[in-house]
Amino acid sequence: MSSDEGRRFFGAKAWALLHDPPHKMWIIEGGVRAIGRGHEEEARGLWRFLGLDSVFGDPEEYDELVSLADYMASTSDRWITNFVFQRMRRRVFRYNRLHNIFNPDLSLEVGPVTDFEVRKFFEDLAARILPYMECPRHTYHALYAVYEALWAMNGLGPCLADTRAPTHTLFDHAYATALTLNVLWPRGKVGGYAVLIDIPGIQQIVGAARKAGDFWAGSWMVSMLSWLTAWPLVWEYGADILLRPSPRLNPHYHAFLCEELNARNEYRGVFEALYAKIAAGLGPRAGTGGIPLRFFIEYPIIPGTVVAILPKEGPRGSLLDANSVEETVKEKFGRACELLLKLVLGELEGLEEPYDAFARLIRIRGRGARLIELFRAIRERGAKAFEGLLKPRIVVIDVSKHYNEWLEALRSKAPLEGEPPLLSALREVRRELIDRGFTEEEVDEKLAWQALIALLFEELSREAKRKIVPPKAWFVLKDSTLEPIVDFEEFYDRRGVGYLLCTTCGNEPAIIKLGKDVKRPGVLEYSDDALSKLKELGFSESEVEELKLSVKPGEAIGPLCLFKRALYASLRSLEEPFEVFDSTEDVSISFVRSKLLGLTEYLRELGSVGERVKRYIEEEVRSFDSMLDQSAEKARSMYEQALDSALRQLMPRGKVQELLASLSSELGRLYAVEDLHVPEDLLTTFRNYYCILRADADNVGDLGRGKIEADKYVKLLESLQNVAKEAAERDAVEAFKEAIDITWSLLDKLGSILPSATYALTLSTALMVTALKDSINVEFRLYGTPIFSGGDDDLVLLPIETGLAAVELLRSTYHGEMGFHRVGNYAIPAPVVYGKSFSLRFANILDLMADEVAECARLLDDVAKRARWTVSGKEFSKDTLAISSSRGGLSILPLADEAGGPSPACIKSSPLKALELMWLAKLCLQLSTGLPEDYDLLKEAVEVAVEKGDWDLAHKVLLRVLSRNVPRGKLEGEVLSRLVSELEEIKQRKQRGKAPLPGELEALELSAFSWLVEAYRVVRGYP
């Protein structure tokens, strides 16, 4: 791009990023300088040092606009402190702790950087972006993506944006300023467009699956459709347009950008090393050079809803309007669907900018599975069936129009018809602030700015609910008769039956039906008619056998379900195939199989014998589809025979013992037990169950709207006032006193803080980091597969060995390390405000997976999310685990040992830890599986004691039951001793809860002791 507008457009955004240098607080305190004297001179010096003046010109050209964006992006607490500190003679306030923006009670110390470290960072940054300075767009993207990442990779810690409002970092503020610039471009007047892009019916799309591969493919399809719709807009206008998902620490953005820029290893390596740090060394693919960016494209972490802020005017000076924005988004979504179709058909060559990045990341290698050939043949003859399978819900809000309406409502004395509820509260705040000495103009402007993000989200949500997206029409009206859009029966093994519904989803007509041979009971083969149809299509006998793994005899498949299955087959056939479990059977043995594959080095030493072992491990032990064609009992026999051959006939006994010991020690690591000895047969027995884990952050909507424990902001100001007192800074003490009064008044009227652009983008970034960590943890620590992870919600398939550990790990990941996600010395605040609820379901490999996943989700919403607990006399809701089995059994456990919201003190759950220890004790033959039946005899006595407040008696009864179900009646050894300690914690905290269980007229209320025993009743049979 060479136009002047392109220069100004991206130049203003670049200055928004750099107008405050990344070490500003230490410059102001009179310490660190690399180039200039004050922080403004340092910023201009950095601009010149990076060579940005040669691309964008003098930053003075953008000063006025960026200053407005700077002020507009600031958090509400910073605006208040700025106002009260205007009266101070001395503006410097020394403070060196970063407080969590969502929970200011949590903080960490931010250490200073040295002149040398800053200078080195500037030099590294200049060297990294230099190759991409041929045009404004490339320069800005290269700077935007690597700026924060390189700072973190250089081992530098966070710098406060303002020591008087220490709830956000300089990078939080800088990236929010760039985002806000879209609202003010090009002349400093509030405008632009808020855009919501949503894919309706995601749960139905993802949930319609027969196998784990289908399930994952549906989720990946939604994730990639979202990203491929957003990516061309990101490339055109800058990544700063994204509010959700965050472009910061976003591997999809970094991967696509590196391909589009044809990035050198030096630039690409920053991100690969960054994500290796986030992964904290997890997984075999994290080598010394970091984790390849392409690896993260495998994870469905982009949500099905995208929110963006587009400017009123584009980089080339073209004006946008709401209609043109909606049409553009619609066209981009259609193009995204087309690209996924091209992926399946192997036709990604010759794509234009910026879609060529997708082709380079995917790298198709030629002929794929036979299912793809079948898909190709069906689509060629029935193309209309595959058009418009998914339609987006698009909402475009004219920011200028709504801003002016809200401003008018704010100034009016009486509420206007249909105004958002937030405006009524803001009107009271306005009067309060004017009484305190603010000018009307300043109050109106600042309040409207601060409330803008919250009001836009509210308006987008309201409009999205009104907008109905019609489903695909499968029939058209011709001459008063409904006729199908294609001949659905063309690929049925028999004609004349009429169209059939898809047996996977039940929501669309089947486009293919290959019948089952009913003449041979117990044998899963295609019918003669189906074989004739396949022969007609050119399938050989061996290819028919391969096809059976993808299209089960007797199955009827609709266009969308067939596309998902073909997409999965394509991604498994790439030059670098995606490594995803094909079936739930794969999931069920993934823990054992991972340790078998860990013997690769030893097998290599064995030569040809080792190759035979490896074949058993990689093929026989994994190939469950053919096993289950016969019967579950035959599958068990084949599995045990394969393991027996691999472990006992072909390997020295010592190596077998080493393998078994590694399985035991790995379980010990997962559950933090040092000396664990599980019997051999329990370690290697046939696994006919797996776990489904569904998780959802509690009250995440309230979190996004700023409805947090806002009084903690007052406590923060009081602590800052005490710091000022200790430093004998009288003017600062008075300023904080006024800030406290104003903040109390605001919170009293609003009931929440105002979520500024900085707050919203920081939350989005925190969820992106959480999603990454969750996905990596699930794959490498928990031996499972992430179906999707959005940071606030997860759907995961796991082996039974890691199901309970997953609840503990994913919940702690959501809340970070002491309230922060750490990347070396760098930190991103974690949303430590509300809890996170889970549903863990043990499902049989022969159960219909789609039904089990749906039931798991239902138990999360109807049981875990509706649970109520009393802990130490305080009440809290949600933050609960619902644990169930497809063969019967359901219980709940509280996931916090303290009420009043998550904190480092209550991330741990004694009932959950106690259940883990009971399960481990059972595995080690230290606890009888008959304990629940023994407890049933005394359960009423326990509950009566609890009802009367005698927790000591209830505790003694439970210990008595436990002692009757352990060897020699003694609760000794590491596992049982720790179990006793956890039960003591439950007693001390007097944990009691209730939830509406299926079939119960009223919510059942029990002590945590009884819920714990019920939970043990669920897990005692596994493995």
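Predicted model: local features only at pLDDT ≥ 70, side-chain atom pairs only at ≥ 80, totals over all residues.
Modeller: Residues are numbered from 1 along each chain as its sequence is written, and side-chain values use heavy atoms, with hydrogens and water left out.

Colleague: How many disulfides does a search of the whole structure find?

Modeller: A disulfide is taken as a pair of cysteine sulfur atoms within 2.5 Å. The cysteine sulfur closest to that of Cys-505 belongs to Cys-561 and lies 3.8 Å away, which is too far for a bond. Over the whole structure, the number of disulfides found is zero.

Colleague: In what order do the four strands of the open sheet lie?

Modeller: Strands here are DSSP runs of E with at least two residues, helices are runs of H or I with at least four residues, and both are numbered from the N terminus; two strands pair if DSSP finds at least two bridges between them. Strand 18 (874–877) and strand 22 (1004–1007) each pair on one side only, as the edge strands. The pairing is antiparallel, and the order is 18-17-21-22.

Colleague: Which residue of strand 22 is the bridge partner of Gly-993?

Modeller: Strand 21 (residues 992–995) and strand 22 run antiparallel and are joined by four bridges. Within strand 22, the bridge partner of Gly-993 is Leu-1006.

Colleague: Which residue forms a salt bridge with Arg-393?

Modeller: A salt bridge requires a side-chain nitrogen of Lys or Arg within 4 Å of a carboxyl oxygen of Asp or Glu, and in this pair the closest N and O atoms are 2.7 Å apart. The pair links distant parts of the chain, 195 residues apart, with Arg-393 in strand 6 (residues 393–398) and its partner in strand 3 (residues 193–198). The residue that pairs with Arg-393 is Asp-198.

Colleague: Is Arg-316 buried or exposed?

Modeller: Buried means under 20% relative accessible area, exposed means over 50%, and partly exposed lies in between, using a 1.4 Å probe and protein chains only. Arg-316 forms a salt bridge with Glu-236, and Glu-236 counts as partly exposed at 22% relative accessibility. Because its relative accessible area is 51%, Arg-316 is exposed.

Colleague: How many salt bridges does the structure hold?

Modeller: Some of them form a network that links Glu-933, Asp-936, Glu-1014, Arg-1017 and Arg-1020. Another joins the side chains of Asp-879 and Arg-811, both of which are buried. The number of salt bridges in the structure is 76.
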